[in-house]
Amino acid sequence: MDMGEGWNYSSERQAKGEWSYLSKLQGFRQSKEVWYDDDGRDGGTEGEFGGPSPQPQKVIEEAGRTCYLSFENIEAHSHAEFIRRLIKLGHESPLEHAYATFRIQNGSRAMTHQLVRHRLMAVSQQSQRYVSEEHFSYVIPETMPAEYVEDYRRDMEVIQEMYHKWRQRGLKKEDARFVLPNACTSEIMVSANFREWRHILQVRTSKKAQWEIRNACRQILEILKGLAPDCFEDIAAAE
Ligand SMILES: Cc1cc2nc3c(=O)[nH]c(=O)nc-3n(C[C@H](O)[C@H](O)[C@H](O)COP(=O)(O)OP(=O)(O)OC[C@H]3O[C@@H](n4cnc5c(N)ncnc54)[C@H](O)[C@@H]3O)c2cc1C
């Protein structure tokens with residue numbers, strides 16, 4: 001996915017166009033009993049990855065209707081109005097029944113550090129104890145004036161040399177990393193339920209959020225709006 005102007009990375013993989021910043025939605029976790037076809041009938045499918053279908057929204061509708069025992073009102077598209085009503089009421093716990101997982105590549109440690117503060121999100125992150133940071137990739141802040149980019153790149157090269165030096169002197173990766181910058185990229189996989197995603201996306205796409213996490217969350221929001229519009233349509237990312 002193209003992050004637009006101001007996004008420059010040192011990675012060879014990026015140069016070859018082999019990856020994007022935010023790769024893709026990995027799937028929804030759902031139980032067989034509440035897995036629906038597009039027309040609202042039980043499709044009986046298990047373990048299939050989610051796509052642009054109303055399945056997670058049907059899970060949420062079924063959960064919400066459990067509170068009122070109003071299953072007889074379930075129709076092909078009844079989830080839309082029902083979910084909007086739940087959100088308006090602040091009755092958001094049924095949204096906890098649908099999950100979304102993302103793999104985020106080439107974000108900075110500065111960005112991922114902010115992301116992992118959301119404790120209800122499940123996180124697995126590239127380790128600097130086990131993965132070497134020789135030739136690490138780095139993010140160039142989008143606010144960096146163009147005339148200073150080369151200078152910034154030189155700084156990163158100096159840090160790469162520092163890291164290399166300490167590794168040569170026998171420091172383990174877990175200790176050589178002490179000289180690494182926040183700009184260093186880090187791969188991370190994050191999972192959260194829709195209620196938590198709504199919360200995260202509200203605070204991290206706001207104008208007050210830092211530009212990099214805002215860019216990442218804006219993309220997540222767009223994907224989720226495509227897959228579960230009734231759950232996310234009321235959230236507007238700041239420009
Ligand atoms: C614009 C912005 C600037 C920020 N600046 C800083 C900063 O300068 N320094 C800094 O350290 N952090 C900063 N943060 C991080 C912020 O303080 C939170 O740690 C982060 O947003 C995660 O909070 P959360 O409520 O989403 O998630 P979680 O901490 O995962 O909590 C999830 C939800 O559970 C509830 N909850 C969790 N724990 C408790 C508890 N102990 N008591 C009561 N309710 C609880 C709350 O409703 C909370 O919203 C910033 C965040 C933003 C969005």
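**Close-up views of the predicted model**

**Figure 1. Overall arrangement of the protein chain.** In this predicted model, the protein chain has nine helices and four strands. Along the sequence these elements follow the order α-β-α-α-β-α-β-α-α-β-α-α-α. The protein chain comprises 239 residues, of which 31% count as buried. Among contacts with a separation of 6 or more, 71% are between residues 24 or more positions apart.

**Figure 2. Strand β2 and its pairing with β4.** Strand β2 covers residues 99-108, and β4 covers residues 185-193. The two strands run antiparallel and are joined by eight bridges. Within this pair, Thr101 is opposite Ser191 of β4. Strand β2 is mostly covered, with eight of its ten residues buried. In a regular strand, side chains alternate between the two faces of the sheet.

**Figure 3. Helix α8.** This helix is formed by residues 211-227, 17 residues in total. From the first C-alpha to the last, α8 reaches 24 Å, close to the 24 Å expected at 1.5 Å a residue. The buried residues in α8 are Glu212, Ile213, Asn215, Ala216, Cys217, Ile220, Leu221, Leu224 and Leu227. An α-helix has 3.6 residues a turn, so residues three or four places apart point the same way. Among the buried positions that can be followed along α8 are Ile213, Cys217, Ile220, Leu224 and Leu227.

How values were computed:
Residues numbered from 1 in each chain as written. Predicted model: local features only at pLDDT ≥ 70, side-chain atom pairs only at ≥ 80, totals over all residues. Buried ≥ 20, exposed ≤ 12 C-beta atoms within 10 Å, placed from the backbone. Pairing = 2+ DSSP bridges. Contact = placed C-beta atoms within 7 Å. Expected span 1.5 Å × (residues − 1).
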